[in-house]
Each structure stands twice: as C-alpha cells, then as structure tokens.
Amino acid sequence: MFQLRRALTALPILALALPAAADAQEPDPQVQQVMAELQQINAQLMPLQERAMEDEALSSEREATTQALRAAMIEADPQVGASLDRMDAMLDEVRQAQEAGDADRIVALTQEAQQLQPRIAMAQQQALEREDIQDRIEAFQTNLRNRMIELEPAAARLFERADELQEQLNGGG
C-alpha cells in the first residue's frame with residue numbers, strides 16, 4: 001500500500017517524462033537538459049506537496065484512490081494482492097535490517113522485491129488502462145495540484161513550466 005500511495009502522490013512530472021526519455025537509445029543532451037530541469041521542478045514542489053497532503057480531505061481522497069487502484073490490480077491478477085502485502089511487510093523488514101546493520105538481510109529482501117516487482121508492475125499497468133481508474137487518479141492529481149497552488153500561488157508557474165517541458169519531451173516542442 002505504501003508504494004501505491006507514494007506512486008499516486010508522486011507528481012506526474014517525472015512519471016510522464018521518464019518513459020519518453022527512456023525510449024532514446026543514446027542520451028540526447030537536450031533530453032538530459034529537459035529531464036534535469038524537470039527534476040529541479042519536482043524537487044521544488046515536493047515540500048509543497050507534503051504540505052498539501054496534510055489536508056484531511058485530500059489525504060482521504062488519496063487513500064480511496066489507492067484502494068481503488070489496488071482493487072483493480074487484484075481484479076487484473078488475483079494473486080497480486082499477496083505480492084502487494086509482502087512488499088508492504090518488506091518495507092518494515094528493510095528498516096529493521098538497516099537499524100540492525102544486517103546487510104545480508106537487506107540483499108535478500110532486495111532480491112525478493114525484484115522477483116515480486118514484474119507481477120506487480122503488470123497488474124498495475126492493466127489497472128491503469130481502466131478508464132475509471134484513470135479518471136480517479138486524474139481527479140486526485142488535479143485536486144492535489146490545485147491545493148498546492150492554493151498554498152503557494154507561485155507553484156502555478158512551476159507546473160506550467162513542467163507542462164511545457166513535458167510537451168518538448170513528447171515531441172511537441
């Protein structure tokens with residue numbers, strides 16, 4: 001669940017930009033420059049996003065959207081629920097292993113997570129293809145963006161610039 005919540009609230013800036021950049025065989029200097037600027041914008045917006053998520057209604061909306069995404073993933077692959085539960089449990093185990101300085105345990109957990117990830121990613125991809133899920137995520141992200149702009153009106157310019165950069169990456173500029 002934590003991974004889904006984090007992915008859901010991650011600003012769509014980098015989530016959209018990374019696949020476009022990953023398609024390039026060799027790193028194009030212009031693409032690298034655009035990506036660097038998007039990362040800077042993301043870094044500037046993250047503290048504001050954290051403040052926005054303190055809003056109880058927005059936090060509840062995120063949780064409901066996360067639950068809807070999880071349910072859609074399980075509909076796509078009934079076995080993925082156990083994988084998601086295991087991933088959540090592993091986060092606590094990694095923290096404990098880090099505190100204990102148990103590098104072997106961290107390596108083992110990392111390997112286990114890598115084995116679970118393809119199934120989770122496939123179910124997530126299938127869930128994200130559903131129009132109802134897309135609409136729900138888009139509504140949440142719009143509400144998050146609006147709340148961030150309410151808290152800090154200057155954020156509107158950062159979002160505008162990120163949109164311009166995204167359009168460049170998508171071949172529109």
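**Entry 1: helix α7**

I began on the outward side of α7, where Glu-131, Glu-138 and Glu-150 are exposed. I was reading a predicted model, and I kept that in mind throughout. I then listed the buried residues of α7, which are Ile-133, Ile-137, Phe-140, Leu-144 and Met-148. Looking down the axis of α7, I found these buried residues within an arc of 75°, so they line one face of the helix.

**Entry 2: the chain as a whole**

I counted eight helices and zero strands in the protein chain. In sequence order the pattern reads α-α-α-α-α-α-α-α. Of the 173 residues, 30% are buried.

**Entry 3: the cores**

Which residues have the most contacts inside the largest nonpolar core? I found Leu-38, Leu-45, Leu-58, Leu-144 and Met-148, in a core of 17 residues. At least two residues of this core come from each of α3 (29-52), α7 (131-151) and α8 (155-169). The helix that gives the most is α3, with seven residues. Another core lies apart from this one; it has 16 residues, including Met-73, Ala-113, Ala-127 and Ile-133.

I went back to my list for α7 with these names in hand. Leu-144 and Met-148 are among the buried residues of α7, and both are among those with the most contacts inside the largest core. Ile-133 is also buried in α7, but I find Ile-133 in the other core.

**Entry 4: helix α5 and Ser-83**

I turned to helix α5, residues 80-100. Its 21 residues should span 30 Å at 1.5 Å a residue, and the end C-alpha atoms are 30 Å apart, so the length agrees. The buried residues of α5 are Val-80, Gly-81, Ser-83, Leu-84, Met-87, Met-90 and Ala-97. After α5 comes Gly-101, and I noted that its phi is positive, near 70°.

Is Ser-83 buried or exposed? Its relative accessibility is 8%, so Ser-83 counts as buried, the cut-off being under 20%. Leaving out residues up to four places away in sequence, I found Ser-83 touching Leu-116, Arg-119 and Ile-120.

Asn-143 sits in helix α7, with a relative accessible area of 34%. Setting aside residues up to four places away in sequence, Asn-143 touches Leu-58 and Glu-61. Leu-58 was already on my page as one of the residues with the most contacts inside the largest core. I also took the distance from Asn-143 to Arg-62: the two are 81 residues apart in sequence, and their C-alpha atoms are 10.0 Å apart.

Met-122 belongs to helix α6, residues 103-128. Its relative accessible area is 45%, which makes Met-122 partly exposed. Met-73 is one of the residues in the 16-residue core.

**Entry 5: confidence**

The average pLDDT of the protein chain is 87, and 84% of the residues score at least 70. Confidence is highest in α7, at 96, and lowest in helix α2 (residues 12-22), at a mean of 43. The pLDDT is below 50 over residues 11-24, and in the model this stretch has 26 contacts beyond near neighbours in sequence. Where pLDDT is low, the predicted coordinates should not be read in detail.

Conventions. Residues numbered from 1 in each chain as written. Predicted model: local features only at pLDDT ≥ 70, side-chain atom pairs only at ≥ 80, totals over all residues. Heavy atoms only, no water. Helix = DSSP H or I, 4+ residues; strand = E, 2+ residues; numbered from the N terminus. Expected span 1.5 Å × (residues − 1). Buried < 20%, exposed > 50% of the residue type's maximum accessible area, 1.4 Å probe, protein only. Core = buried A, V, L, I, M, F, W, Y, C linked by side-chain atoms within 4.5 Å. Arc of directions from axis to C-beta. Contact = heavy atoms within 4.5 Å. pLDDT = per-residue confidence, 0-100.
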